[in-house]
Amino acid sequence: MKQCPTCQEEFADKFGFCPVDGTPLTTQVAQPVVAARAADESLVTAPASSSADPASSNGFLHQDGEETVSSQPVHDRGEFHLTFLEDEGLTRRLVREVKAAAHEAELTWPEFKRDPAGFTRRTANASGALVKKFFRQDYAVPAVVTPFVVFLLIGGVWAGVRFRCEFRSLMGRPCPAGSVNPYEDLELVQMIDPENEIPKEQQKPDKGPAGTETGKGGGSKPKQDAAHGGGGGGRQEELPASQGKLPTAQLVPPILTANPKPPAITNPHLPTPVTMQVDPMLIKPDPRDIPYGLPNSTATVPSSGPGTGGGMGTGSGGGMGSGDGTGLGPGRGYNTGGGDAHEGGGGRGGGGGGDVDYNRPFRQNEVTRKAIITYKPEPGFTEDARKNNVTGVVRLRAILHASGSVSDVSVVKGLPDGLTEKAISAARQIRFTPAEKDGHAVSQYIVLEYNFNIY
C-alpha cells in the first residue's frame, strides 16, 4: 500500500499520485538507510525529529526513530516551476494529454466505487482549497471584481442619461442629441406589396439599336442617340402571353391596350386602334390579320399573361413584355431598349435592342421563330444491317442554314453496318423554312434522330 503525505489516505500500489490533491505517494515501508561512509556521500541518517508532521519540506519521512529518504520526493505545491514544452505538434500533444487524463480517470474510478461519499468529500475539500489559494493571490480579487464594477458603471451612466432625458421631457425641454432613438415615434401607416409597389430591377440597356425595324438608328430625333425604355402588362391570367403581332407603335400613350381575345363590341361607331407607346421608327409594321401577342412567345392559347395593368406579358403598365410601363420589353416608362425611358434618334433602328450577329447559327431558344421542316426523307436499311439484325437510333446534330441548306452535320450517336451513313445522307436532303430572329432569316442548330427497326 502507498500513503499520501498530505491527506494521510492510503491507496493501492498501482497509484503514483494522490487522486485528491496530486501529491506523489510514498510506500509505508521505508527504504533501508545507508550510513554515511564518506564525506562526499549525500544521504545520511539522523535522529528522528520531534515534529508530528509526517513529511518534511525536504522530502524525508520520520519512521522508527530515523530520518529516511522517501521513495519519491515531496514537491512544494505552493511554488511555480518553469515548464518547457517538447518540440512536437499540437495534435500529438493533445492526444498525449487526453490519454493521460483517461489513464488518471481509470485509476480514480476504483477509489470512487470503493468510497463514493469520501471521494466526493475529498474532491470538494481539494477544490475549495484551490479556490481559497487562488483568491489569496494578489491579482485574483481585482481581476474578478473589476468586470462587475465596469458593468455597474456603464449601467449607471446609461440609466442616468435615460432618467435625465425623461426628466427633461416632463419639463418640456428637448433631450440632448444622440440620447434618444430617432425612430421611436414612427408609426406603421401601410404595408408595401413588394411584387407590385417596389420597382423591379431593370436590365442594363444594350449598346446597339433597339426595336424590330431594320436599321442602325435610335428613333425619330435627327441626332444619333440610343433609345431606352420598356413596358409590360397582362391581365393576371394563368397562361403565358400568347404569340401574335405587336400593336401599332406611337409615342402617344395608348388608349386601348393589346388583347389577344376578340373585342366584345363588334363594328363600333368610333373604332379605337390598339397601340403601345414606342417610337414608330423602331417597330416594323405588321399588317397580318392575326391576334395581338408577343412575337417571341411559343404559347398558342389566347392569353394576356400573368402581368397587370392591361397589355400582354409578365410586367405591368399596359405595355408589351416583362418591363414596367407602356412600351415594349425589359425597361421602365415607355419606348424600348431597356433601362429608363429615353427617346433616341438617328433614323430607323432594329436588331432586338443590341448588336446581333445574324450570320452566326442560333440555338432554338434564341430565335424569334423556329425553323419549320417541310420534307424529311427516310434513310432506309442496308443489307449488312438487315443480316446482322442491327437496330437502334442514330442521332445527328446539324445546322439548318438561312440559305435553305443543311450543313455541318455531326454524329452524336451512330450505328454500324452503314446505318449512320444512311442517316447523314437523308439529313442532307431535308427541306425547311429557315428560322427568323427579329425579322431576319437566320441559321439554327437542330438535333435529328433516325430510328432503325426491323419489323
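Select Glu237 and Lys261 first: their side chains meet in a salt bridge, 3.5 Å from N to O. The term stands for a side-chain nitrogen of Lys or Arg within 4 Å of a carboxyl oxygen of Asp or Glu. This pair links distant parts of the chain, 24 residues apart. Glu237 sits in the loop between strand S8 (231–232) and strand S9 (248–250), while Lys261 sits in the loop between S9 and strand S10 (275–277). Helices (H or I, at least four residues) and strands (E, at least two) are DSSP runs, numbered from the N terminus.

You are looking at a predicted model, in which local features need pLDDT of at least 70 and side-chain atom pairs count only at pLDDT 80 or more, whereas totals for chains, interfaces and linings use all residues. Residues are numbered from 1 along each chain as its sequence is written, and side-chain values use heavy atoms, with hydrogens and water left out.

Now colour by accessibility. Glu237 is buried, because its relative accessible area is 18%. Lys261 is partly exposed at 39%. The cut-offs are under 20% relative accessible area for buried, over 50% for exposed, and partly exposed in between (1.4 Å probe, protein chains only).

Select S18 (406–413), S17 and S22 (444–452). They form an open sheet of three strands, in the order S18-S17-S22, with antiparallel pairing. S18 and S22 are the edge strands, each pairing on one side only. Neighbouring strands here are turned by 25 degrees against each other on average, direction ignored. Such angles are taken between lines fitted to C-alpha atoms (for helices, over the stretch in contact) and run from 0 to 180 degrees between N-to-C directions.

How many bridges join S17 to S22? Nine, with S17 covering residues 392–400. S17 and S18 pair over five bridges. Two strands count as paired if DSSP finds at least two bridges between them. Check the hairpin of S17 and S18: five residues lie between the strands, and Gly404 takes a positive phi near 105 degrees.

**Zoom in on Leu396**

Leu396 has Leu448 as its bridge partner in S22. In S18, Leu396 stands opposite Val411. Show its contacts (heavy atoms within 4.5 Å). Beyond four places in sequence, Leu396 touches residues including Ala423, Ile424, Ala427, Ile446 and Tyr450.

Leu396 also belongs to the largest nonpolar core, of 26 residues. Those with the most contacts inside this core are Leu396, Val406, Leu419, Tyr450 and Phe452. S17, S18, helix H5 (419–427) and S22 each supply at least two of its residues. Another core lies apart from it, with twelve residues, among them Ala249, Ala258, Met276 and Met312. A nonpolar core is a set of buried Ala, Val, Leu, Ile, Met, Phe, Trp, Tyr and Cys residues joined through side-chain atoms within 4.5 Å.

The structure holds nine salt bridges. Pick Glu449 and Arg395, with the closest N and O atoms 2.7 Å apart. Glu449 is in S22 and Arg395 in S17, 54 residues apart. Both are partly exposed: Glu449 at 38%, Arg395 at 26%. Salt bridges that share partners join Arg360, Arg363 and Glu366 into one network. Within it, Glu366 and Arg360 come to 3.6 Å between the closest N and O atoms.

**Last stop: Gly317**

Go to the loop between strand S11 (312–313) and strand S12 (320–326) and select Gly317. At 37% relative accessibility, Gly317 is partly exposed. Its C-alpha lies 8.3 Å from that of Gly333, 16 residues apart along the chain.
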